[in-house]
Amino acid sequence: MGERPLSEVVRESLDSLSSGERKVGRAILANYPIAGLETVAELAQRANVSPPTVVRFASRLGFSGYPAFQKRLVREVHERLGSPLEQYAREDLRSGDSDLARASRIFSSSIASTIGELPVSEFERAVSMLTDLRHPVRLIGGRFSHLLAEYLGAHLKLLRPDVEVIGADEFARLAAVADTRRGDVFAVFDYRRYDPHVIRLSQRVTDRGADLVLFTDRWLSPAADVASTVLPANVDAPSPFDSLVPAMAVVETAIAGVTDRLGESGRQRLEDIENLRGRAAAERSG
């Protein structure tokens with residue numbers, strides 16, 4: 001995410017805190033990150049202070065409240081857990097299953113839970129935004145998730161006009177921000193370990209009035225803070241590396257929803273493209 005660990009933030013802030021707030025900070029540092037994930041009452045008891053002191057501690061660090069502090073800490077924890085080195089310690093990777101049996105079990109479960117737990121209202125809102133022909137759609141992803149952005153973009157181009165997949169080039173991204181108008185739709189893909197460049201672009205385009213469809217994991221990219229709708233996926237894999245297989249299932253489901261929503265207009269556009277393709281092939285062979 002490009003953010004400093006909260007442990008550093010707390011440690012560097014100790015001198016500027018009141019005596020009670022310092023007790024909270026030291027309690028967190030002594031049992032990091034577990035203490036910071038406790039309730040206000042639990043942390044207050046651990047630090048031997050009042051619950052309001054815990055709330056003031058979070059505010060003094062620049063957070064809107066203790067829940068905001070914990071939200072940041074949870075993201076940090078899960079970003080660390082997203083490291084392939086950390087994932088090597090997973091018990092299920094050392095199970096007695098064969099490679100194929102383990103993959104079947106994990107993928108079947110993760111896809112089923114991903115699709116089954118998608119909020120219907122969020123999914124319907126995403127489909128509505130992707131099919132609104134009054135507004136262009138731009139897509140962007142991270143180091144690996146750009147593959148999903150390109151895949152969804154390729155299908156959307158067959159079904160509707162004004163679709164663009166933004167590459168990793170810095171100037172292409174800056175131009176996309178500069179071109180953003182109110183109501184434009186951005187489909188953003190960001191999975192742990194979250195891409196600070198994608199997050200920053202998300203913030204910039206929403207500041208200009210764009211609507212964001214965020215495809216992310218169940219712990220939610222920080223881009224969720226500015227997204228109009230969020231479609232989370234499980235990232236469990238039979239290896240130490242997070243999987244995009246369940247995320248691809250979400251994309252495929254979105255493509256099906258877009259196709260249904262566009263109906264005849266999507267079919268006619270696809271027919272036009274196929275006819276043009278056929279003519280171009282005939283011209284080349286002639």
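This passage describes the overall architecture of a predicted model and several of its local features. Local features were considered only at a pLDDT of at least 70 and side-chain atom pairs only at pLDDT 80 or more, whereas totals for chains, interfaces and linings use all residues. Residues are numbered from 1 along each chain as its sequence is written, and side-chain values use heavy atoms, with hydrogens and water left out.

The protein contains 13 helices and five strands, assigned as DSSP runs (H or I of at least four residues for helices, E of at least two for strands) and numbered from the N terminus. Along the principal axes, its C-alpha atoms fill a box of roughly 85 × 50 × 35 Å. Of the 286 residues, 45% are buried; this term denotes under 20% relative accessible area, with exposed denoting over 50% and partly exposed the range in between (1.4 Å probe, protein chains only). Among contacts (heavy atoms within 4.5 Å) with a separation of 6 or more, 68% involve residues 24 or more positions apart.

Helix H4 (residues 51-60) includes Ala58. Ala58 is buried because its relative accessibility is 0%. Excluding residues up to four places away in sequence, Ala58 touches Phe63, Gly65, Tyr66 and Phe69. The C-alpha atoms of Ala58 and Ala68 are 8.2 Å apart, at a sequence distance of 10 residues.

Several features are located in loops. The loop between H2 and H3 holds Pro33, which is joined to Tyr32 by a cis peptide bond with omega of about 0 degrees. Ile34 also lies between helix H2 (19-30) and helix H3 (40-47). Ile34 is classed as exposed because its relative accessible area is 53%. Together with Leu37 and Val74, Ile34 forms a nonpolar surface patch with about 240 Å² of accessible area. Patch residues have over 30% relative accessible area and no salt bridge, and nonpolar side chains (Val, Leu, Ile, Met, Phe, Trp, Tyr) are joined within 5 Å, like charges within 9 Å; a salt bridge places a side-chain nitrogen of Lys or Arg within 4 Å of a carboxyl oxygen of Asp or Glu.

Asn48 is exposed, because its relative accessibility is 63%.

Terms used
Areas by Shrake-Rupley, 256 points an atom, 1.4 Å probe, with all protein chains shown as cover.
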